[in-house]
Amino acid sequence: MSSVLILYGITTCDTVRKARRWLEGVGVAYRYHDLRKDGLSASHLAIWVKSAGWEALLNKSGTTFRKLPDAEKQIDTEAQAVALMLGHPTVIKRPVLVCDGVVTLGFKPERYEALFASKA
């Protein structure tokens, strides 16, 4: 595959670890971007929001979101969600896999199999 594959996540996330093991196990080359260490640009987030929707990107069940003050949890608009995700990138559903402009959220082996079968 000649595509540039980027996996965004945080190193301590179990789901990100599973995705990385799966990609390595099937020999898919990718670049890893740690959201906590490397940050996230507004332009990348805008692409993800346009592709997946802010509701899907915002992980309200994660530890980071649950620990936020109640006032910060009141997200009603895309602008509020984007501001929160830029300020706290660990509230983004992980991992985010970007391949050929396609944004895939989360990790399920069958979804990755389908994605990479179509690229073979």
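Start by selecting Trp 48 and showing its neighbours: leaving out residues up to four places away in sequence, Trp 48 touches Tyr 8, Leu 35, Leu 40, Gly 53, Leu 57, Ile 92, Val 96, Val 98 and Val 103. Keep in mind as you go that this is a predicted model.

Is Trp 48 buried or exposed? Its relative accessible area is 1%, so Trp 48 is buried.

**The core**

Next, widen the view to the largest nonpolar core, which has 38 residues. Which of its residues touch the most other members? They are Trp 48, Leu 57, Met 85, Val 96, Tyr 112 and Phe 116. Colour the elements that each give two or more residues to this core: the strands are E1 (5-9), E3 (96-99) and E4 (102-105). The helices on that list are H1 (14-25), H3 (42-52), H4 (54-57), H7 (78-87) and H8 (109-117).

**Aromatic pairs**

Now show the rings. How many aromatic pairs does a search of the whole structure find? There are five. For one of them, select Tyr 8 together with Trp 48: the ring centres are 4.7 Å apart and the planes meet at 70 degrees, so this pair is edge-to-face. Here the pair links distant parts of the chain, with Tyr 8 in strand E1 and Trp 48 in helix H3, 40 residues apart. Tyr 8 has a relative accessibility of 2% and therefore counts as buried.

Move on to Phe 107 and Tyr 112, an aromatic pair that is also described as edge-to-face, with 4.7 Å from centre to centre and 90 degrees between the planes. Phe 107 counts as buried at 14% relative accessibility, because buried means under 20%. Tyr 112 is buried as well, at 0%.

**A stop in strand E4**

Select Thr 104, which is found in strand E4. With a relative accessibility of 10%, Thr 104 counts as buried. What does Thr 104 touch, not counting residues up to four places away in sequence? Show Pro 95, Val 96 and Leu 97, then Arg 111, Tyr 112 and Leu 115.

**Charged side chains**

For a charge over a ring, select Arg 20 and Tyr 32. Arg 20 lies over the face of Tyr 32, at 3.8 Å from the ring centre.

Finish with the salt bridges, of which a search of the whole structure finds two. Go to Arg 17 and Asp 14, which form a salt bridge with their closest N and O atoms 2.9 Å apart. How are these residues placed along helix H1? Arg 17 and Asp 14 are three residues apart in that helix, so about one helical turn separates them. Arg 17 is partly exposed, with a relative accessible area of 38%, and Asp 14 counts as partly exposed at 48%.

For the other bridge, select Lys 73 and Asp 70, whose side chains meet at 3.9 Å, N to O. Both lie in helix H6 (residues 70-73), three residues apart, about one turn of the helix. Are Lys 73 and Asp 70 exposed or partly exposed? Lys 73 counts as partly exposed at 21% relative accessibility. Asp 70, at 58%, counts as exposed, because exposed means over 50%.

Definitions and conventions: Residues numbered from 1 in each chain as written. Predicted model: local features only at pLDDT ≥ 70, side-chain atom pairs only at ≥ 80, totals over all residues. Heavy atoms only, no water. Core = buried A, V, L, I, M, F, W, Y, C linked by side-chain atoms within 4.5 Å. Buried < 20%, exposed > 50% of the residue type's maximum accessible area, 1.4 Å probe, protein only. Helix = DSSP H or I, 4+ residues; strand = E, 2+ residues; numbered from the N terminus. Contact = heavy atoms within 4.5 Å. Phe/Tyr/Trp six-rings, centres within 6.5 Å; stacked < 30°, edge-to-face > 60°. Lys NZ or Arg CZ within 6 Å of the ring centre and 35° of its normal. Salt bridge = Lys/Arg side-chain N within 4 Å of Asp/Glu carboxyl O.
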